[in-house]
Amino acid sequence: MISTGLLGPFRLTFDGINDAIPRVSPGAYALGHTDVSGRFYVDFVGRADTHIRDKLHSFIGSATLFKYACLPNAEAAFLKECELYHAFKPPGNRTHPDRPSGTNWECPRCRFFRFQ
C-alpha cells in the first residue's frame, strides 16, 4: 500500500486538530476514513498556504479523520498536495490542485502548469 508520508490519522474535530497541530504553519493534508482493519483511505487532499489548522477547521463534519504534514512554505505545501493527488486519486478531488495565484510553480508529476 502507498504511504501518504503524513502524520496521523487524527480525529477531524476542533480538539483533534488543535491537539495534533502545535503551530501555525503551511501544510498538506488528507481527509479520509479507516476500514475495519484500521487501514486509512484517502477521500480528499488539500493544502494550506499559511495556516493548516484554520484550513482543517473548515472541514469539520465533512470527514472523520485527517492526516497532515507541516511544511516550510507554500510551495512545499503545493508540491506535497500534487504528490498526494497523483498517488491516491481521491474521489473528493475532481480537478488537479490549483497553484497559488501569482506563482509559476509546476506540478512535479505531470507538469500541469507548464504552459499556462
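Predicted model: local features only at pLDDT ≥ 70, side-chain atom pairs only at ≥ 80, totals over all residues.
1. A quick definition to start: buried means under 20% relative accessible area, exposed means over 50%, and partly exposed is in between (1.4 Å probe, protein chains only).

2. Residues are numbered from 1 along each chain as its sequence is written, and side-chain values use heavy atoms, with hydrogens and water left out.

3. Back to Phe-10, which sits in strand S1 (residues 7-11); strands are DSSP runs (E, at least two residues) and helices likewise (H or I, at least four), numbered from the N terminus. Leaving aside residues up to four places away in sequence, Phe-10 touches Gly-16, Ala-20, Thr-64, Leu-65, Phe-66 and Tyr-68 (contact being heavy atoms within 4.5 Å).

4. On to charges: the whole structure has 4 salt bridges, each a side-chain nitrogen of Lys or Arg within 4 Å of a carboxyl oxygen of Asp or Glu. One of them pairs Arg-39 with Asp-35, closest N and O atoms 3.7 Å apart. Arg-39 is partly exposed at 39%, and Asp-35 is partly exposed at 23%.

5. Have a look at Arg-47, linked with Asp-49 and Glu-81 in a salt-bridge network. Its closest N–O distance is 2.7 Å to Asp-49 and 2.4 Å to Glu-81. Arg-47 is in strand S3 (residues 40-48) and Glu-81 in helix H3 (residues 74-88), so this pair ties together parts 34 residues apart in sequence. Arg-47 counts as buried at 12%, and Glu-81 is buried at 7%, whereas Asp-49 is partly exposed at 29%.
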